[in-house]
Amino acid sequence: MSTKQPQTEVSGMPDVQGSGTSITQVRGTAVLRANSPMAHERACLGSSLQIEGAITGTEDLQIDGKALGPISLQGHELTVGPTAELKSEIAAREVVVFGRVAGSLCARDRVEIKKDGAVTGDISTARITIEDGAIFKGRIEIDPAKSEATTEMEITGPRAATETS
């Protein structure tokens, strides 16, 4: 005996039975289950948007367009979409790169550069994953202690790391 879970329509799509995840993709449209808790809401900047200036926030963010300027998402995740082009100093809890980033990344927990992603700049994080096919040019500083405490860099924004001899 199976029971169908109630769902909430998003973008006018019909109800569908999912595979146990909070969001089910149906022909490119997200269907949100009413009884599934969402860990975080995610803001999106679409692929046709171009932003110049500082971006700050206290929620997860996905950027698919172009951004020029510092990005600070205190304790949250930044997803750089496959069509995104960022020229930014980035500070967040997690950064996942599918597109292109030029600038330094400071992630308290982790950085992931996916197979078609590209990062040119220094990375400071507790954990990092660089998939086969990804492009990275810069310096990496890995400090597992970063994931245990909020760093000054995340609060005040990224700045150049100092090297010791």
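Predicted model: local features only at pLDDT ≥ 70, side-chain atom pairs only at ≥ 80, totals over all residues.
Residues are numbered from 1 along each chain as its sequence is written, and side-chain values use heavy atoms, with hydrogens and water left out.

The chain has 165 residues, of which 42% count as buried; buried means under 20% relative accessible area, exposed means over 50%, and partly exposed lies in between, with a 1.4 Å probe and protein chains only. Of the contacts (heavy atoms within 4.5 Å) between residues at least 6 apart in sequence, 13% join residues at least 24 apart.

L105 lies in strand 13 and, at 2% relative accessibility, counts as buried. Leaving aside neighbours within four places in sequence, L105 is in contact with I90, V95, V97, V111, V119, D122, I123 and S124. The C-alpha atoms of L105 and G121, which are 16 residues apart along the chain, are separated by 7.3 Å.

A buried position is also found in a loop. D64 sits in the loop between strand 7 and strand 8 and is buried, with a relative accessible area of 15%. Not counting residues up to four places away in sequence, D64 touches L45, G46, S47, G81, P82, T83 and A84. For one of these, A84, the C-alpha atom is separated from that of D64 by 4.3 Å, although the two residues are 20 apart along the chain.

Next comes the open space. The second largest pocket has a volume of about 210 Å³. On a 1 Å grid over the protein atoms alone, a pocket is an open set of points where a 1.4 Å probe fits, with protein on both sides within 12 Å along at least five of seven lines, and lining residues have an atom within 4 Å of a point. Grid points are joined across faces, edges and corners, and a volume is the space filled by probe spheres set on the points. The lining of this pocket is made up of Q50, I51, E52, K66, A67, L68, E85, L86, K87, R100, V101 and A102. Strand 5 (50-52), strand 8 (66-68), strand 10 (85-87) and strand 12 (100-102) each supply at least two residues of this lining.

Charged side chains complete the picture. The whole structure contains eight salt bridges, each defined by a side-chain nitrogen of Lys or Arg within 4 Å of a carboxyl oxygen of Asp or Glu. In one of them D109 pairs with R127, the closest N and O atoms being 3.0 Å apart. This pair links distant parts of the chain, with D109 in strand 13 (residues 105-113) and R127 in strand 15 (residues 123-130), 18 residues apart. D109 is buried, with a relative accessible area of 17%, whereas R127 counts as partly exposed at 46%.

K114 forms a salt bridge with E131, with 3.5 Å between the closest N and O atoms. K114 lies in the loop between strand 13 and strand 14 (118-120) and E131 in the loop between strand 15 and strand 16 (135-137), so the pair ties together parts that are 17 residues apart in sequence. K114 counts as buried at 19% relative accessibility, while E131 is partly exposed at 31%.

The side chains of D122 and R139 also meet in a salt bridge (3.9 Å, N to O). D122 lies in the loop between strand 14 and strand 15 and R139 in the loop between strand 16 and strand 17 (140-142), so this pair too ties together parts that are 17 residues apart in sequence. D122 counts as partly exposed at 34% relative accessibility, and R139 counts as partly exposed at 25%. Salt bridges that share partners join R93, E94, R110, E112, K114 and E131 into one network.

Terms used. Helix = DSSP H or I, 4+ residues; strand = E, 2+ residues; numbered from the N terminus.
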